[in-house]
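This briefing is for a reader meeting the structure for the first time. Please keep the sequence and the 3D view at hand while reading the points that follow.

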Amino acid sequence: MAAEVSFGVASPGGPHTVTMSYERAGAGEPLLLLHGIGHHRQAWDPVFDILAAEHDVIAVDLPGFGRSPALPGGLAYGLQTVVPALAALCEALGAERPHVAGNSLGGLLALELGREKLVRSVTALSPGGFWSPAERRYAFATLLAMRQGARLLPLPAIERLAGSAAGRAALTSTIYARPWRRSPEAVVAETLALRDATGFKETLTAGRDVLFQEDVTGLPVTVAWGTRDRLLLRRQGIRAKHAIPGARLVRLPGCGHVPMNDDPALVARVILDTCR
């Protein structure tokens, strides 16, 4: 069941109150789950219960996505704001220094949390920030096209498309290698999440200058990439390994950009192995 928590975040302009929506279940060491841009915490549904069998799992809607409201005025959507906000969220929930797993934007945030020594381990699934300029332009143009498509489609059209395997592929094949595995209800919900994300534009703008170049040391790090990732091409995983020499680089056969849906058992095993 979803819940909300509000907490203070310091900034050069003074303290601000940030509110985030989350789902929490399980027991054990805390494990924070972070979704990608334009998505919501339900992206983790295929692996949530598997992970909750061993961990106190907290899946969050990032600010301006899912059910979390936009950041208050005066706070930017860059790493310098969102990473401290996630640390403050964990403190507010009594889950300081959790393990963290993130996908895409969430993977980049997870690595930044690791670099700041705010977490116990990091699993980054197709993380952003390891692109060439051309690859970044391609990925951002694709995301903008997906967003525009979601905004142009009326709800009855989205529901009609989601009702068939071909329609679900049309809506989500950019991020899933096996889009037919998503339920019609899940595809409708994530299309609406992309359409209605108040933080989408600002987050994408903040990411234009992001290039992850610093090592993450002193904790277990896994970088995993789907072999059928059509958004952030898998060769970016090699760059991630060069940037973080101590990281374990894992190949996810047959998985797309959001691999939790394509192979839940494999993704859960990769995350749990890193936590252990």
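In this predicted model, Arg 24 stands opposite Ile 58, a residue of strand β4. Strand β2, which covers residues 16–25, and strand β4, which covers residues 56–60, are joined by four bridges and run antiparallel. Strands of a sheet pair through backbone hydrogen bonds, and the pairing may be either parallel or antiparallel.

**The sheet and the helices on it**

- The eight strands form an open sheet in the order β1-β2-β4-β3-β5-β6-β7-β8, and the pairing within this sheet is mixed.
- At the edges of the sheet are β1 (2–9) and β8 (248–252), each of which pairs on one side only, while the twist from one strand to the next averages 25 degrees.
- Helix α2, made up of residues 79–92, lies across β1, β2, β3 (30–34) and β4, and the helix runs at about 115 degrees to β1.
- Helix α11, made up of residues 264–275, also packs on the sheet, where it touches β3, β5 (99–103), β6 (121–125), β7 (221–226) and β8, and its direction makes about 155 degrees with that of β6.

**Asp 56 in strand β4**

- Asp 56 is found in strand β4, and with a relative accessible area of 12% this residue is buried.
- Apart from residues up to four places away in sequence, Asp 56 touches Arg 24, Ala 25, Gly 26, Ala 27, Gly 28, Glu 29, Pro 30 and Leu 31.

- The buried residues of α1 are Val 47, Phe 48, Leu 51 and Ala 52; because they cover an arc of only 135 degrees around the axis, they are on the same side of α1.
- These buried residues of α1 pack against the strands β2, β3 and β4 and against the helices α10 (259–262) and α11.
- Ile 37 is found in the loop between β3 and α1 (45–52), and this residue counts as buried because its relative accessibility is 15%, where the cut-off for buried is under 20%.
- Leaving aside neighbours within four places in sequence, Ile 37 is in contact with Phe 65, Leu 105, Leu 143, Phe 200, Thr 203 and Leu 204.
- Although Ile 37 and Gly 128 are 91 residues apart along the chain, their C-alpha atoms are separated by 10.0 Å.

**Aromatic rings**

- A pair of aromatic rings is described by the distance of the centres and the angle of the planes, and the count for this model comes to two aromatic pairs.
- One of them is formed by Phe 130 and Phe 212, a tilted pair with 5.4 Å from centre to centre and 50 degrees between the planes.
- Because Phe 130 lies in the loop between β6 and α4 (133–152) and Phe 212 in the loop between α8 (200–206) and β7, this pair ties together parts that are 82 residues apart in sequence.
- Phe 130 is buried, with a relative accessible area of 3%, and Phe 212 is buried as well, with a relative accessible area of 5%.
- The rings of Trp 131 and Phe 140 have their centres 5.5 Å apart and their planes at 85 degrees, so this pair is edge-to-face, and both Trp 131 and Phe 140 are buried.
- The ring of Phe 140 also has the charged end of Arg 136 sitting over it, 5.3 Å from the centre of the ring.

Conventions:
Residues numbered from 1 in each chain as written. Predicted model: local features only at pLDDT ≥ 70, side-chain atom pairs only at ≥ 80, totals over all residues. Heavy atoms only, no water. Pairing = 2+ DSSP bridges. Helix = DSSP H or I, 4+ residues; strand = E, 2+ residues; numbered from the N terminus. Axes fitted to C-alpha atoms, helices over the stretch in contact; angles between N-to-C directions. Contact = heavy atoms within 4.5 Å. Buried < 20%, exposed > 50% of the residue type's maximum accessible area, 1.4 Å probe, protein only. Arc of directions from axis to C-beta. Phe/Tyr/Trp six-rings, centres within 6.5 Å; stacked < 30°, edge-to-face > 60°. Lys NZ or Arg CZ within 6 Å of the ring centre and 35° of its normal.
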